[in-house]
Amino acid sequence: MSALFRVGDALRVYRDRHPVLWRLIWTVVLVAIAVYMTTHLSATTDGLLATGACMSIVILGLSFLTGASGQVSLGNAAFMGVGAYATAIWANHHTTTPVAVVLLIGALSGAAVGLLIGLPATRLRGPYLAGMTLLFAISFEGIVLFFGSWTGGDAPLQLPTIAVAPQWFVDRFSSSIPLFTLNQMWLADIAIVTVGVSFFFMANLFRSRTGRAMRLVRDNDVAAELVGISLPHARVLAFVVSAAYAGLGGALYTLVTGNASYSTYSLGLSITILSLLVIGGIGTLSGALIGGVIFAYSTTWIDWIVGKTGITQGGNLAANLPNIIFGGLLVITMLVAPYGIAGAIKMGAGKVSRRFRVTRMPMASG
Amino acid sequence: MDAFLTGRAFSDLLFGIADGVIISLIALSLVLIWRSTHILNFAQGAMAMFAVYLGMGLLSYNVGFWWCVLVSIVAGVVLGGLTERLLVRRLYGAPEINPIVVMVGLLLLLEAVMGAIWSSTPRGITTPVSSNYWQLHGLPLGLSPFTMLEIGAAIAVALGIGALFKFTKLGLQLRASAVAPEVSRLLGVRVGRMLTLGWMLSLGVGTVAALLFCSVNGLTPTQMDGIFVYGFAAAAIGGLESPTGALVSGMVLGVMQAYMGDYYNSNDIPFATLMLLIIVLMIRPQGVFSKKITRRV
């Protein structure tokens, strides 16, 4: 037993001395497990995983904005849309661009538009920014139509063959697996790797000097200013990072769905993203993952509820049930458990571990 | 002169005023809530819409139109009071984002509930006041009896609220509990009640705006989303603290949008409004009509 503790302590020392490397190892291990899993799952599950992955990236971005700097954006679906259209337009003109570059373009375009919209945010507080981003969400349709010659206007912009599994990937599997399954698998793998990269980056940002500065801005902006943090910089940076993540999520979502359409990136989606963030848990990595999973499976679960309770299929209640549940959960979570599911789990785990705590020698610090 | 009165430019001005009146009223209702509780009510449009559905639903039971209007407004006022008592009261002193998230949640919930009960198919209302435009020597003037009703109602509401705040003891108490809740409490003002009353008043004004808007455009659960956002923009441009600012910038916004929609392109009205808001807030973050406030640490 004591040998086990010694290993545990050694690991803890390693974690404290090399936090970045420690996170990198964790990310690589988790991503490898997830990628391995996708090869054994059905095409449907792979598709859902990919969708959930896109959404968890967007939620993570909003989580950073809200959790680290205390601002709320109601326009993140529109930033997703920016990334989605940028990706689709680029991919239509340059069909041979590697997927990683295409995703980067999505993220960068989201960041660029985020900078434009976020600049006034330097001087605004809470509700003003939320209202302004709401206005941005409403105007996204008009913006897409305005650039109709690029975006294709009302019709969804189709993606060329970029999202198809490359030959080296196909060759690895037996030829009995249908190509559709392989494509879904490929997409899920891309999504998982992207999630890994973006979560790794965020975990480091959260615990970096910048992340700490932002949390101080959130908790007490006057104190932050007094210790020399530039409020405008911190606020704009948070907003740009969140927009970049939204853009990346949108770009990935375009790969998964095969097209970009402004009707997807409506105000409704923005509000859904906010609900998922709050339900999952603001300011935590696991909360963003939980939110993504909830998004991916919400349709399935709601169909199940509709089937079980005997609500008329396709009726008014069934159609509005998702938003009734999300809206209700949003209000209740915020009033009862403001840290969401992730926070509740952490608190519960804390209680349990306090009860069963093993008394050990305190570690020598150093 | 007739050619000018029935011409494009003047008609647009009249259309703009008719829209602006509604934007102004919504902005005013947001300002009322902001002044009393420092919360921006994102569910304002949906709550007013809910009240309108409740009231106007009586039309199919052969209840007179004006009774339905009265029921709507009462429903709005009650809904406002209930929301403050049951939801908002738990949020005072919470971090800034909590009320925002809760109100957005309420928006989502209410719109879905409305969709579940009344479906999202638009419903028209037949008003006893005609919205056919008056003719001037055979040409339509951009003015109808309904426009006059809109303007009249808005002026009545604005004057009523103004008189309440300026000349009555209740108004004084309302203002006092918004500015200095602690002191007011010491002086015997029931501050809690005043906050509830602020929400009730605000929702009353919001419901009037929703009634006017829906009488022309019909009822759908999400009908108020767009106009609510313009109302917010107007309130923010006016400075969120200033009722006069809200009314004036609502009118300006309405007229601007009418001209833009006619001469340029109505798809880009939201974006143009966003740009206007950004520019105004970059120059004067506290809004056009508010004095600069210094935050006390």
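Biologist: Leaving aside neighbours within four places in sequence, which residues is Ala191(A) in contact with?

Modeller: This is a predicted model. In it, Ala191(A) is among the residues with the most contacts inside the largest nonpolar core. Setting aside neighbours within four places in sequence, its contacts are Leu49(A), Ala50(A), Ala53(A), Cys54(A), Leu252(A) and Val256(A).

Biologist: How many residues does that largest nonpolar core have?

Modeller: Leu252(A) and Val104(B) join Ala191(A) as the residues with the most contacts inside the core. The core's total is 195 residues.

Biologist: Which helix gives the most to this core?

Modeller: The helix in question spans residues 231-257 of chain A. It supplies 16 residues to the core. The helix is H12 of chain A.

Biologist: How do H3(A) and H13(A) lie to each other, roughly parallel or roughly perpendicular?

Modeller: H3 covers residues 43-69 of chain A, and H13 covers residues 267-280 of chain A. Their axes are 9 Å apart, at an angle of about 75°. Angles of 65 to 115 degrees count as roughly perpendicular. H3(A) and H13(A) are therefore roughly perpendicular.

Biologist: How many charged residues are in the contact of H3(A) with H13(A)?

Modeller: H3(A) brings residues including Met55(A), Val58(A) and Ile59(A), while H13(A) brings residues including Ile273(A), Leu274(A) and Gly280(A). By class, the contact has 8 nonpolar and 3 polar residues. The number of charged residues is none.

Biologist: Which element gives the largest share of the side of chain A that touches chain B?

Modeller: Across the two chains, 42 residues of chain A are in contact with 39 residues of chain B. On the chain A side, H6 (126-146), H13 and H15 (316-336) each give two or more residues. The largest share is 15 residues, and it comes from H6(A).

Biologist: Over which residues of chain A is the pLDDT below 50?

Modeller: Chain A averages a pLDDT of 85, with 93% of the residues at 70 or above. One stretch falls below 50, and beyond near neighbours in sequence it has 2 contacts in the model. That stretch is residues 358-366.

Definitions and conventions:
Residues are numbered from 1 along each chain as its sequence is written. Chains are lettered from A and ligands numbered from 1 in the order in which they are written. This is a predicted model: local features need pLDDT of at least 70, side-chain atom pairs count only at pLDDT 80 or more; totals for chains, interfaces and linings use all residues. Axes are lines fitted to C-alpha atoms, for helices over the stretch in contact, and angles run from 0 to 180 degrees between N-to-C directions. Helices (H or I, at least four residues) and strands (E, at least two) are DSSP runs, numbered from the N terminus. Angles under 35 degrees count as roughly parallel, over 145 as roughly antiparallel, 65 to 115 as roughly perpendicular and the rest as oblique. Two residues are in contact if their C-beta atoms, placed from the backbone, lie within 7 Å. Ala, Val, Leu, Ile, Met, Phe, Trp, Tyr, Cys and Pro count as nonpolar, Asp, Glu, Lys and Arg as charged, and the others, Gly among them, as polar. A nonpolar core is a set of buried Ala, Val, Leu, Ile, Met, Phe, Trp, Tyr and Cys residues joined through C-beta atoms within 7 Å. A residue is buried if 20 or more other C-beta atoms lie within 10 Å of its own, exposed if 12 or fewer, and partly exposed in between; C-beta atoms are placed from the backbone. pLDDT is the predictor's confidence in each residue, from 0 to 100.
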